[in-house]
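Subject: Structure handover

Hello,

Here is the structure I said I would pass on. Please open it first, then read the notes below with the model beside you.

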Amino acid sequence: MSTAREFNFDGLVGPSHNYAGLSFGNVASFSNVKSASNPRQAALQGLAKMRALAARGFAQALLPPQMRPDWRMLRSVGFSGSDADVLAKAFAASPVLLACAYSASPMWTANAATVSPSADSGDGRVHFTAANLNNKLHRAHEQRQSARSLRAIFHDAAHFTVHDALPSTPAFGDEGAANHSRLGSSHGAAGVELFVYGRVEFDAAAAAPKRYPARQTLEASQAVARLHGLDPRRTVFAAQNPDVIDQGVFHNDVIAVANGDVLFYHQQAFADEAGTLAALRQSLATVEAQLRPVRVDSNVVPVQDAVASYLFNSQLLTKSTGAMALVIPHECRENAAVARYLDGLVGDGSVIDELIDFDLRQSMRNGGGPACLRLRVALTDGEARAMHQGVVMTEDLYARLVAWVETYYRDRLEPADLADPQLARECASALEALAPILGLPGLYDRD
Ligand code: SUG
């Protein structure tokens, strides 16, 4: 067993962050449709979280934003001519398609990929599979740049393998790490990988939500586990409770989060709670670990409050003391049931002995909390040295990125602004200036 640390790769919010109501089934995205956004504030809020966690000694890095608008996508659906023509035609014919091409949704890096550390994979490398996100048009075109960015950062083939996304078809709906967790005694020891799915394509009798879409299929989760060479004895597939998907739990990380041997979850998270816990216990026994469940009952925090506050879209981080901190959004303090629950949670001797809260309102208004904003990558010391260092958060990088955001980002974006050719030029200039800051020339290809 080697020592390893969990790096959190947060998404750096892109300059076109806006509220377009593109995510049917995501309550916040739908509720804030067409309101004005503040991309500058969104990026600064995300950077403040990264900086604070890095300053606390947690391993923190970032994934860069993607080029927007996605000209390839706009041209592929028939908008032609100069860039200005493409924008004008798309805005006239279908503002929603233009919004899809402009979405800053890659900021939610929990959806960028599924990651298996080298302690779990078949060949001793860290494996990544870019997520196809094929349930939503505005996210289905992220996978190309996600794989490209991951390959730029994790370029050393001796340590890392980045797989392309699964076939982009409903049978393989894949939302990445938002439906994936890892449990075990430590980040460096073999662990148990938990895949949570919302529906089964090839089993008509399997339960599925009725109102909102299930974005992750069992078939996709199984394919990722195969690609990563996971040991079936240490892999658990669990069905998400379809009733909670219908209440706005569009990813499992909106209702459960795991770290180490702790599973922090809502009573209604899984279709079969007892079966899921039993499978995890059995699997953890093969690595001599024991599950520590922290269950939140429905009568203490109803599902609605969990969705409104994003209590479970929190980060559970192991501190140097061995105890865990829960990183929560401010909204958890403002929800009476959740605030009461949290007051009682962090007592003496509790598994979770600290709450760290952040103002992430710009992201939260699109349904993205602390856990959506980060991709977990457990790395040994050797692997951490082998990855590209320019994305690791330091005080110096933080200062440079704040100056960069203040130079390039608008503080207000409304839906009609997406038709402004000047915005497209600003986005391109911003990302061109970013690549050298991160030391990643060639990060973007224009189209
Ligand atoms: O896919 N919202 C994202 C939020 C992703 C949250 N991620 C995790 N739970 N891990 C989504 O629904 C809204 C975009 C808009 O409406 O403009 C959006 O894409």
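The largest nonpolar core of this predicted model has 91 residues, and Phe-9, Phe-154, Leu-401 and Trp-404 touch the most other members. As background, nonpolar side chains in soluble globular proteins tend to be buried together. Take Leu-401 as a case to look at. Leaving out neighbours within four places in sequence, Leu-401 contacts Leu-12, Leu-47, Leu-62, Met-393, Leu-434 and Ile-437. There is also a second, separate core of 20 residues, and among its members are Leu-311, Phe-312, Tyr-341 and Leu-342.

Phe-312 and Tyr-341 come up again with Val-296. That residue, Val-296, is in strand β11, residues 292-296. Val-296 has a relative accessible area of 1%, so it is buried, the cut-off being under 20%. Apart from residues within four places in sequence, Val-296 is in contact with Phe-264, Tyr-265, His-266, Gln-267, Val-301, Phe-312 and Tyr-341. For a sense of distance, Val-296 and Leu-438 are 142 residues apart in sequence, and their C-alpha atoms are 41 Å apart in space.

Next, helix α8, which covers residues 218-227. Why is this helix described as largely enclosed by the rest of the structure? Because seven of its 10 residues are buried. Those buried residues are Leu-218, Glu-219, Ala-220, Ser-221, Ala-223, Val-224 and Ala-225. The cover over them includes four strands: β3 (113-116), β4 (126-130), β7 (192-197) and β8 (235-239). Just after α8, Gly-229 has a positive phi of about 65°.

The model also contains a ligand with 20 residues around it, and Leu-22, Ser-23, Ser-29, His-138 and Asp-253 come nearest.

- Ser-23: an N or O atom of its side chain is 2.7 Å from an oxygen atom of the ligand.
- Asn-26: an N or O atom of its side chain is 2.9 Å from an oxygen atom of the ligand.
- Asp-253: an N or O atom of its side chain is 2.7 Å from a nitrogen atom of the ligand.

On its own the ligand has 490 Å² of accessible area, and the protein covers 100% of that area.

Then the cysteines. How many disulfides does the structure hold? The number is zero. Cys-100 is in no disulfide, and the nearest cysteine sulfur to its own is that of Cys-427, 16 Å away. A disulfide needs two cysteine sulfur atoms within 2.5 Å. Cys-427 is likewise in no disulfide, with the sulfur of Cys-100 as the nearest cysteine sulfur. Cys-100 is buried at 5% relative accessible area, and Cys-427 is buried at 3%.

Last, Ser-363, which is found in helix α14, residues 361-364. Is Ser-363 buried or exposed? At 5% relative accessibility, Ser-363 counts as buried. The side chain of Ser-363 makes a polar contact of 2.9 Å with the side chain of Trp-108. A polar atom of the Ser-363 side chain also lies 2.5 Å from the backbone oxygen of Gly-368. Not counting residues up to four places away in sequence, Ser-363 touches Met-107, Trp-108, Gly-368, Gly-369 and Leu-373.

Regards

Notes: Residues numbered from 1 in each chain as written. Predicted model: local features only at pLDDT ≥ 70, side-chain atom pairs only at ≥ 80, totals over all residues. Heavy atoms only, no water. Core = buried A, V, L, I, M, F, W, Y, C linked by side-chain atoms within 4.5 Å. Buried < 20%, exposed > 50% of the residue type's maximum accessible area, 1.4 Å probe, protein only. Contact = heavy atoms within 4.5 Å. Helix = DSSP H or I, 4+ residues; strand = E, 2+ residues; numbered from the N terminus. Near = heavy atom within 4 Å. Polar contact = N/O pair within 3.5 Å; in protein donor to acceptor, adjacent residues only side chain to side chain. Areas by Shrake-Rupley, 256 points an atom, 1.4 Å probe, with all protein chains shown as cover.
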